[in-house]
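Subject: Structure for your review

Dear colleague,

I am handing over the structure below, together with an account of what was found in it. Please read the notes with the coordinates open beside them.

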Amino acid sequence: MLSQPFEKPIRVWVGLGFPRQLNSVVDAYQFVTEWCGNSPEQKAAIRACKAALAGEIDAETARGIFVQFAKRKDILVEDGMMPSVTIAGRPSHL
C-alpha cells in the first residue's frame with residue numbers, strides 16, 4: 001500500500017463550512033469512504049483511490065477522479081474560496 005502525496009492538495013468543505021485539506025491518496029480514500037452516500041461518483045473515487053494505493057494508477061489520476069466527486073457533491077473548495085480570517089482566527093463572515 002503506497003501513500004502517494006498529491007502535487008497539489010485538495011480542499012473540501014466539511015461539517016458546518018469548515019475546510020479540510022487532503023494531502024494524499026490515503027487522505028482522500030479515508031474521506032470518501034467515510035462520506036455518507038453511495039453515488040456513482042463516490043464509488044468511482046473509492047475505486048480510484050484503491051487503485052492508486054495498490055500502485056495500479058498514479059496519485060494524480062486518483063486526484064482528478066476525487067475532484068470530480070467533490071465538485072458533484074458541491075464540497076470542493078475552489079482556489080480563492082477560503083474565507084478571510086480575522087485576528088481572532090474566526091472567519092470574517094460570521
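**Overall layout**

The secondary structure of the chain comes to 3 helices and 2 strands, and, read from the N terminus on, these elements follow the order β-β-α-α-α. Please keep in mind throughout that this is a predicted model. Of the 94 residues in the chain, 32% count as buried, and among the contacts between residues at least 6 apart in sequence, 49% join residues that are at least 24 apart.

**The two strands**

Strands S1 and S2 run antiparallel and are joined by 6 bridges. Together they form a hairpin with 3 residues between them, and Gly15, which sits in that turn, has a positive phi of about 55°. Pro5 stands opposite Ser24 of S2. Ser24, which is found in strand S2, is buried, with a relative accessible area of 9%, and, leaving aside neighbours within four places in sequence, Ser24 is in contact with Ser3, Gln4, Pro5 and Phe6.

The side chain of Gln4 reaches two backbone atoms, namely the oxygen of Ala52 at 2.7 Å and the nitrogen of Ala59 at 2.9 Å. Apart from neighbours within four places in sequence, the residues in contact with Gln4 are Ser24, Val25, Ala52, Ile57, Asp58 and Ala59.

**Helix H1 and what covers it**

Helix H1 spans residues 25–34, and its buried residues are Val25, Ala28, Phe31 and Val32. Seen down the axis of H1, these buried residues fall within an arc of 130°, so they line one face of the helix.

**The nonpolar core**

Which residues of the largest nonpolar core touch the most other members? Among its 22 residues, they are Ile10, Val12, Val25, Phe31, Phe66 and Phe69, and S1, H1, H2 and H3 each supply at least two residues of this core. As a general background, nonpolar side chains in soluble globular proteins tend to be buried together. For Ile10, the contacts beyond four places in sequence are with Arg20, Gln21, Leu22, Arg63, Phe66, Val67 and Leu76.

One of the residues in contact with Ile10 is Arg63, which is found in helix H3. Arg63 is itself buried, with a relative accessible area of 17%, a value that falls under the 20% cut-off. Not counting residues up to four places away in sequence, Arg63 touches Phe6, Lys8, Pro9 and Ile10. Arg63 and Val25 are 38 residues apart along the chain, and their C-alpha atoms are separated by 7.3 Å.

Asp74, found in the segment after H3, has a positive phi of about 60° although it is not a glycine. Asp74 is exposed, with a relative accessible area of 66%.

**The cysteines**

How many disulfides does the count come to? With a disulfide taken as a pair of cysteine sulfur atoms within 2.5 Å, the count comes to 0.

With best regards

Technical notes: Residues are numbered from 1 along each chain as its sequence is written. This is a predicted model: local features need pLDDT of at least 70, side-chain atom pairs count only at pLDDT 80 or more; totals for chains, interfaces and linings use all residues. Side-chain values use heavy atoms; hydrogens and water are left out. Buried means under 20% relative accessible area, exposed over 50%, partly exposed in between (1.4 Å probe, protein chains only). Helices (H or I, at least four residues) and strands (E, at least two) are DSSP runs, numbered from the N terminus. The arc is that of the directions from the helix axis to the C-beta atoms. A polar contact is a pair of N or O atoms within 3.5 Å; within protein, one must be able to donate a hydrogen and the other to accept it, and residues adjacent in sequence count only if both atoms are side-chain atoms. Contact means heavy atoms within 4.5 Å. A nonpolar core is a set of buried Ala, Val, Leu, Ile, Met, Phe, Trp, Tyr and Cys residues joined through side-chain atoms within 4.5 Å. Two strands pair if DSSP finds at least two bridges between them.
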